[in-house]
Amino acid sequence: VISGAYRGYDLDLQALCGMNPWAVPLTQAGYAVVSEEGNFEHMKVFVRQVVEHLGASVSPDGGANLVYFTKKYASKGGNFFRLVSELRASPDWVMEDPNAACVADRNAKPELVSQAIQWMCKHANSFSCDDVPEECSWSAHRMGDFVFSRYYRELRGYVNPLVSCYAEGAAVFATSGRFLRNSWSRACVAGASELAEPTGPPKDPHDFLEGIRGDAAGGRGA
């Protein structure tokens, strides 16, 4: 039936129905799923996702290092926490962004983002969710940008973005180059109004589409 819908063309049903590496949770359980699958390209996506959730990106000449690192952790029985610790140690092929901020993940469902907003609003000390600007209340993702970025700033000590800026997948510690491509970010993300405009096209079409999909799913457009 599926083959007929595609006019008889050969289909890779395993790829069509297989796991989406972009949707795997960045946890030990998620790592185990990718590791057990044994798909190197999927593990590389997973590693890149972790890097980007740490407010960093793979350097332009870091492709070979990414491949080496992925092979190191692609085998079954690997340790997710060791993987994260090694990436947080700032290897020379990972570029950290000092302006990274905790924002709503554009791939998260609005209901999930709303739940995280409610929790953080109850526990916030330095700001009130009653003060959210109108421009930032048009969708769950916009309000998430306002709330998540401010709540994360309240935290002290050696904060792990994969713990304090995750909220079961509702939030992501994103580089400024990612969140500034959304037209509302300067008004909603804490400290964003002072940052320079990102230059050049998005480094990955996936990043640009996240901003469009998230706002469209959550409410009114930008």
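Select Cys121 first: at 25% relative accessibility, this cysteine counts as partly exposed. Keep in mind that you are looking at a predicted model.

**Stop 1: the disulfide at Cys121**

Turn the view to look along the S-S bond. The link of Cys121 and Cys129 is left-handed, with -95° about that bond. Where Cys121 is partly exposed, Cys129 is buried, with a relative accessible area of 17%. The cut-off for buried is under 20%.

**Stop 2: the other disulfides**

How many disulfides does the structure hold? There are 3. Select Cys102 and Cys165 next. They form a disulfide whose sulfur atoms are 2.1 Å apart. With 100° about the S-S bond, this link of Cys102 and Cys165 is right-handed. It joins distant parts of the chain: Cys102 lies in strand β3, Cys165 in the loop between α9 (161-164) and β4, 63 residues apart. Cys102 counts as buried, at 2% relative accessibility. Cys165 is buried as well, at a relative accessible area of 0%.

Move on to Cys136 and Cys188. Their sulfur atoms are 2.1 Å apart, and they form a disulfide. The torsion about the S-S bond of Cys136 and Cys188 is about -105°, so this disulfide is left-handed. The pair also links distant parts of the chain. Find Cys136 in the loop between α7 and α8, and Cys188 in helix α11 (residues 185-188), 52 residues apart. Both Cys136 and Cys188 are buried.

Show the bonded cysteines together. Numbered in sequence order, they pair 1-5, 2-3, 4-6.

**Stop 3**

Centre on Val147. Its contacts, leaving aside neighbours within four places in sequence, are Ile117, Met120, Cys121, Phe127 and Cys129.

In soluble globular proteins, nonpolar side chains tend to be buried together.

**Stop 3: aromatic rings**

The count of aromatic pairs comes to 9. Start with Trp119 and Tyr151. This pair is edge-to-face, with 5.9 Å centre to centre and 80° between the planes. It spans distant parts of the chain: Trp119 is in helix α7, Tyr151 in helix α8, 32 residues apart. Tyr151 counts as buried, at 11% relative accessibility.

Next, select Tyr152 and Phe173. Their pair is tilted: 4.9 Å centre to centre, with 40° between the planes. Here too distant parts of the chain are linked, with Tyr152 in helix α8 and Phe173 in strand β4, 21 residues apart. Tyr152 counts as buried, at 14% relative accessibility. Phe173 is buried, with a relative accessible area of 12%.

Finish with the rings of Tyr31, Phe46, Phe80 and Phe81. These four form one aromatic cluster.

**Stop 4: helix α5**

Select residues 63-74, helix α5. At 1.5 Å a residue, its 12 residues should span 16 Å; the end C-alpha atoms are 16 Å apart, which agrees.

Which residues of α5 are buried? They are Leu66, Phe69, Thr70 and Tyr73. These residues cover an arc of only 105° around the axis, which puts them on the same side of α5.

How values were computed: Residues are numbered from 1 along each chain as its sequence is written. This is a predicted model: local features need pLDDT of at least 70, side-chain atom pairs count only at pLDDT 80 or more; totals for chains, interfaces and linings use all residues. Side-chain values use heavy atoms; hydrogens and water are left out. Helices (H or I, at least four residues) and strands (E, at least two) are DSSP runs, numbered from the N terminus. The expected span of a helix is 1.5 Å times one less than its number of residues. Buried means under 20% relative accessible area, exposed over 50%, partly exposed in between (1.4 Å probe, protein chains only). The arc is that of the directions from the helix axis to the C-beta atoms. Contact means heavy atoms within 4.5 Å. A disulfide is a pair of cysteine sulfur atoms within 2.5 Å. Rings of Phe, Tyr and Trp (its six-membered ring) pair if their centres lie within 6.5 Å; planes under 30 degrees apart count as stacked, over 60 as edge-to-face and the rest as tilted.
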